[in-house]
Structure formats: structure tokens, C-alpha cells
Amino acid sequence: MVLQEVPLEAARSDVSDVPEKEVDVVLLELEGDERSPGEPTRKIVGQHPSARVMVLTASGDRRDLEDAVRAGARGYVVKPTGPRDLVGALRLVAAGHMVIDGRFADARVPKPTRRRRTHLK
């Protein structure tokens, strides 16, 4: 699995920090005071369509989750998340699953396009 972490500032302006080589998963970490993950996710997916974006955020807002999924995110995990759960989520996203934090188990999430969805405990 090839993983690339992209600083939010770079994802907002451009995605030049994502290498030109093929990347399996991009971990987009958002701080608590950051805006919606939709815009940076759209930019990453637009320039690197084969990369799967997983959002790691402090936001438990369903609107942010929906915005991220609509923008093409394949995973959405809310902090704090332990290292094992984070690595497990990254592996699932890399394998083609849709991973949604268990805190959203009852949420109506926009359906992913031909991808499987997995909830974390």
C-alpha cells in the first residue's frame, strides 16, 4: 500500500504534494477548526482519480461526512482514533472498501459508486 499524507494547506491550494506516481491512499487530516473536507477532497480526486482519500477529522458533523463522501472520499474517521483502528481503516480503504466511523452507523450516507462500505466499531 502506498500512502501519502497531504497537508491541508496544500490540498486547498493545489495538490502538488501528492506525487505523480500512483498512490493508493491519501490521508487528509483536518484540524478541529478547519472547514468542510469537500473542497480539498475534490481537488485530490480530480487530479489523482485512482487515489482513495480517507479523511481523518475532529468533526462529528454529518454534513461534513456527507460533503466528504460526495466529493469522493472513501473513508471518514473521527478523532480520537487509536493507531490500530486508523491502520485498519487505511487498509480497508486501500482494499476498495468504504469506511465510515462507527459514530455514523445510523447516518444516511450518500451511496458510493460500486464500492463496499464498512463501519468501524
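At what angle do helix H2 (residues 38-47) and H3 pack, and how far apart are their axes? In this predicted model, the angle between H2 and H3 is about 15°, and their axes lie 8 Å apart.

**Packing of H2 and H3**
- Angles under 35 degrees count as roughly parallel, and H2 and H3 are therefore roughly parallel to each other.
- The crossing in which H2 passes H3 is right-handed.

- In soluble globular proteins, nonpolar side chains tend to be buried together.
- The largest nonpolar core comprises 17 residues, of which Val-26, Val-53, Val-55, Leu-65, Tyr-76, Ile-100 and Phe-104 touch the most other members.
- At least two residues of this core come from each of strand E2 (25-29), strand E3 (52-57), helix H3 (62-71), strand E4 (73-78) and strand E5 (97-100).

**Helix H4**
- Helix H4 (residues 83-94) has 12 residues, which at 1.5 Å a residue should span 16 Å; the end C-alpha atoms are 16 Å apart, in agreement with that expectation.
- Leu-86, Ala-89, Leu-90 and Val-93 are buried in H4.
- These four residues lie on the same side of H4 because they cover an arc of only 100° around the axis.
- An α-helix has 3.6 residues a turn, so residues three or four places apart point the same way.
- Arg-84 and Arg-91, on the other side of H4, are exposed.

Conventions
Residues numbered from 1 in each chain as written. Predicted model: local features only at pLDDT ≥ 70, side-chain atom pairs only at ≥ 80, totals over all residues. Heavy atoms only, no water. Expected span 1.5 Å × (residues − 1). Buried < 20%, exposed > 50% of the residue type's maximum accessible area, 1.4 Å probe, protein only. Arc of directions from axis to C-beta. Core = buried A, V, L, I, M, F, W, Y, C linked by side-chain atoms within 4.5 Å. Axes fitted to C-alpha atoms, helices over the stretch in contact; angles between N-to-C directions. Parallel < 35°, antiparallel > 145°, perpendicular 65-115°, else oblique. Left-handed = near helix turned anticlockwise from the far one by under 90°.
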